[in-house]
Amino acid sequence: GLSMDDYTKLISGDKYVLVDFSATWCQPCKRLAPILESIADKKKDKLVLQKLDADDNKDLVKQKGISGIPYLELYKDGKLVWKHEGFIEEDELLKETNL
């Protein structure tokens, strides 16, 4: 799994970074995956999608206090600008994040 230092490097950069904490067994995560990939493809000029398996990153999930998945965090210049727990439709995500 990633350490907090690794995570900090992952979320820094000049593009938006959308982090998706999910798991292979999670049905809402499976429903959300194609939506996130569609957004990442449409917004590839300004957005990077990072998928993290919650089971492979238990320590990081615990350190961040994540209690449910799917869990999304959006970063700009390494700063958290939006977060969401649970399934979300594409139009709602785009509206909430102004992407």
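The bend at a residue is the angle between two fitted axes, one through the seven residues ending there and one through the seven starting there. With that in mind, helix H2 bends by about 30 degrees at Ala33. Please remember that this is a predicted model. Four strands form an open sheet, and Tyr7, Phe21, Tyr71 and Tyr75 make up one aromatic cluster.

**Helix H2**

- Helix H2 covers residues 27-42, and its 16 residues should span 22 Å at 1.5 Å a residue; the end C-alpha atoms are 24 Å apart, which agrees.
- Within four residues after the bend at Ala33 comes a proline, Pro34.
- The buried residues of H2 include Cys29, Leu32 and Ala33, and Ile35, Leu36, Ile39 and Ala40 are buried as well.
- What do the buried residues of H2 pack against? Their partners are strands E1 (16-22), E2 (47-53) and E3 (71-76), together with helix H4 (90-97).

**The sheet and the helices on it**

- The strand order is E2-E1-E3-E4, with mixed pairing.
- E2 and strand E4 (79-85) stand at the edges with a single partner strand each, so one side of each has no neighbour in the sheet.
- On average, neighbouring strands of this sheet are turned by 20 degrees against each other, direction ignored.
- E1 and E2 run parallel and are joined by seven bridges.
- Ser22 has its bridge partner in E2, namely Asp53.
- Helix H1 (residues 4-11) packs on the sheet, where H1 touches E1, E2 and E3. The direction of H1 makes about 135 degrees with that of E1.
- H4 lies across E3 and E4 and runs at about 150 degrees to E4.

**Val17 in strand E1**

- Val17 is a residue of strand E1.
- Is Val17 buried or exposed? Buried means under 20% relative accessible area, and Val17 counts as buried because its relative accessibility is 4%.
- Val17 and Leu49 are 32 residues apart in sequence, yet their C-alpha atoms are 5.9 Å apart in space.
- Leaving out residues up to four places away in sequence, Val17 touches Leu10, Ile11, Leu47, Val48, Gln50, Glu73, Leu74 and Tyr75.

**Aromatic residues**

- How many aromatic pairs does the structure hold? There are three aromatic pairs.
- One of them joins Tyr7 and Phe21: the ring centres are 6.0 Å apart and the planes stand at 35 degrees, so the pair is tilted.
- Tyr7 lies in helix H1 and Phe21 in strand E1, so this pair ties together parts that are 14 residues apart in sequence.
- Tyr7 counts as buried at 1% relative accessibility, and Phe21 is buried with a relative accessible area of 0%.
- Phe21 also pairs with Tyr71, with ring centres 6.1 Å apart and planes at 50 degrees, so this pair is tilted too.
- Phe21 lies in strand E1 and Tyr71 in strand E3, so the pair ties together parts that are 50 residues apart in sequence.
- Both Phe21 and Tyr71 are buried.

Definitions and conventions
Residues numbered from 1 in each chain as written. Predicted model: local features only at pLDDT ≥ 70, side-chain atom pairs only at ≥ 80, totals over all residues. Heavy atoms only, no water. Helix = DSSP H or I, 4+ residues; strand = E, 2+ residues; numbered from the N terminus. Expected span 1.5 Å × (residues − 1). Buried < 20%, exposed > 50% of the residue type's maximum accessible area, 1.4 Å probe, protein only. Contact = heavy atoms within 4.5 Å. Pairing = 2+ DSSP bridges. Axes fitted to C-alpha atoms, helices over the stretch in contact; angles between N-to-C directions. Phe/Tyr/Trp six-rings, centres within 6.5 Å; stacked < 30°, edge-to-face > 60°.
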